[in-house]
Amino acid sequence: MWREGGVCFEAMEMTFEARLEQLVEASLDGRDPGRDELAWLLQAPDERTLEIVSAVSRVRFAAFGRRVKLNLLLNIKSGLCPEDCHYCSQARDSTAAIPSYAMVGEETFCAAAERARELGATRLCLVASGRGPTEREVDHVARGVEAVKAADGAIEICACLGLLSEGQAERLGEAGVYAYNHNLNTSESFYEAICDTHTFADRQETVGRAKAGGLSPCSGALFGMGESDADVLDAGYALRELDPDSVPINFLIPIDGTPLAGLNELTPQRCLRILAVFRLLFPRAEVRIAGGREVHLRSLQPLGLYLANSIFIGDYLTTKGQAAEADLAMIADAGFEVEGGGPAGERELEPIALKQGILD
Ligand code: SF4
C-alpha cells in the first residue's frame, strides 16, 4: 500500500475498474455519466490512461464499430478577420504569417470535393474566416455548394462561416449544405479569457439557429488554452445541451504571432482522457479528433481512434497535417476501416501532392 496526498492507492486500485465500468455503463445506457466521475477520470494518473482508453472504447465500438469517418477541410476565405479569438492565426491582432484571401471560386470548391473523394473523405468542411457571412457570401457559398452537389450528390457538405443571421441556415440548406459547424470552444466562464469581440451566448445562438434551420449541428471545443478541468467539463455539458450530431475536439496549436503562442500544457495522455470524457458524454455522436492531433497526441494518435470515430485528413486551416498516407496506414494498422469504403480508385496517393493540401 502507498499513500500520496492522504489518498490510499491500494484502496483506489480496488475501485478504479469498477468506477470506470460504471461510467461506461451509464454512457452506454444514454445516462449522464456524472460530472464528479468525469472529473475523476480527467484527473486519473497517466499510467491509468490505457485502461481508460480500453474501457471507454466499448462506447465507441457500440455505436460505430471499427469505422473511421474522414473529413477534408477547405479554407474558403483566409485571414482578414475582425474578431480577436486569441487562439486563431486569422484573428484581427494576429501577426502570424498566413495566407489572406477573399472567398475562393466555385472551381476550388469542386476541386476540393474531388480531392475528398480521392482520399476517402465523406465530408467536405468549407470554412471561412470572419465574424459571420454577409448575404452575398452566403449566396456565393450556396452557388459553390450547388456546383459540388451537381457533380457528386453523395458528398456531405459542412459549412463553417461564423455567426449566422436569421434565414442564412435555411438558404445554405436549400443549396445542399448538410451540416453547420460552430464550436463553443470552451466554458462560458473561460470564454472572456479567449475572446472579447463576441460571446459564448452568441456561439450558442448560432448553433441553435443552424439546427432550427434544418442543418445538422456540429459543435465542439478547443483545449490547451489554460482552461481548468472544470472548464473542460462545463464545455462538455454546455455542448450536451445543444445535442450536436458531431463534436470536433481540437487541441491548441500555439501559433507564433497569436496571444497563445508558446503555450503548451497538453500531454498525449491528457488529450486521450479529454477524448474519453467526450466519448462518454456523446456516446452516439460523431466525436472527431480535429486540429492539434499530430502535435499533441503524437505517437499515441492510434489510441485516439479507440475513442473518436472521425478525423480530418489532409491539412488544417492554416497548419499542415501529416501526410494522408500516414493517416490511412494508421487507420489500417490499428484495425479500423475508413467509413464509406476509403480512397477512390486504384491510383497511388502521392505524398507530396497531398501534403501541399488544398490551399495550393
Ligand atoms: S476563430 Fe473565426 S471568428 Fe475567431 S478570429 Fe478566427 S476566423 Fe475570426
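A residue is buried if 20 or more other C-beta atoms lie within 10 Å of its own, exposed if 12 or fewer, and partly exposed in between, with C-beta atoms placed from the backbone. By that count, strand S4 (residues 123–128) is mostly covered, with 5 of its 6 residues buried. Helices (H or I, at least four residues) and strands (E, at least two) are DSSP runs, numbered from the N terminus. The model is predicted: local features need pLDDT of at least 70, side-chain atom pairs count only at pLDDT 80 or more, and totals for chains, interfaces and linings use all residues. Residue numbers start from 1 along each chain as its sequence is written.

**Strand S3 and its partners**

- Strand S3 (residues 67–77) is mostly covered, since 10 of its 11 residues are buried.
- Two strands pair if DSSP finds at least two bridges between them; S3 and S4 do so in the parallel sense over 6 bridges.
- Within that pairing, Leu-73 stands opposite Cys-125, and Leu-72 has Leu-124 as its bridge partner.
- S3 is also joined by 3 bridges to strand S11 (residues 310–312), and the two run parallel; here Leu-70 stands opposite Ile-311.
- With strand S12 (residues 337–338), S3 pairs in the parallel sense over 2 bridges, and Arg-67 has Glu-337 as its bridge partner in S12.

**S4, S5 and the crossovers**

- S4 pairs with strand S5 (residues 156–160) in the parallel sense over 5 bridges; Val-127 has Cys-160 in S5 as its bridge partner.
- S3, helix H4 (residues 106–119) and S4 form a right-handed β-α-β unit.
- A crossover is right-handed if, with the strands pointing away from the viewer, the path from the first strand over the helix to the second runs clockwise.
- A right-handed β-α-β unit is also made by S4, helix H5 (residues 135–151) and S5.

**Nonpolar core**

- A nonpolar core is a set of buried Ala, Val, Leu, Ile, Met, Phe, Trp, Tyr and Cys residues joined through C-beta atoms within 7 Å.
- The largest such core has 97 residues, and those with the most contacts inside it are Leu-72, Leu-124, Ile-157, Ala-159, Leu-275 and Ala-276.
- Helix H10 (residues 268–281) gives the most to this core, with 9 residues.
- Two residues are in contact if their C-beta atoms, placed from the backbone, lie within 7 Å; leaving aside neighbours within four places in sequence, the contacts of Leu-72 include Ala-112, Leu-119, Leu-124, Cys-125 and Ile-313.

**Ser-187**

- Ser-187 lies in the loop between strand S6 (179–181) and helix H7 (188–194).
- Ser-187 counts as buried because 21 other C-beta atoms lie within 10 Å.
- Ser-187 and Asp-231 are 44 residues apart in sequence and 5.0 Å apart in space, C-alpha to C-alpha.
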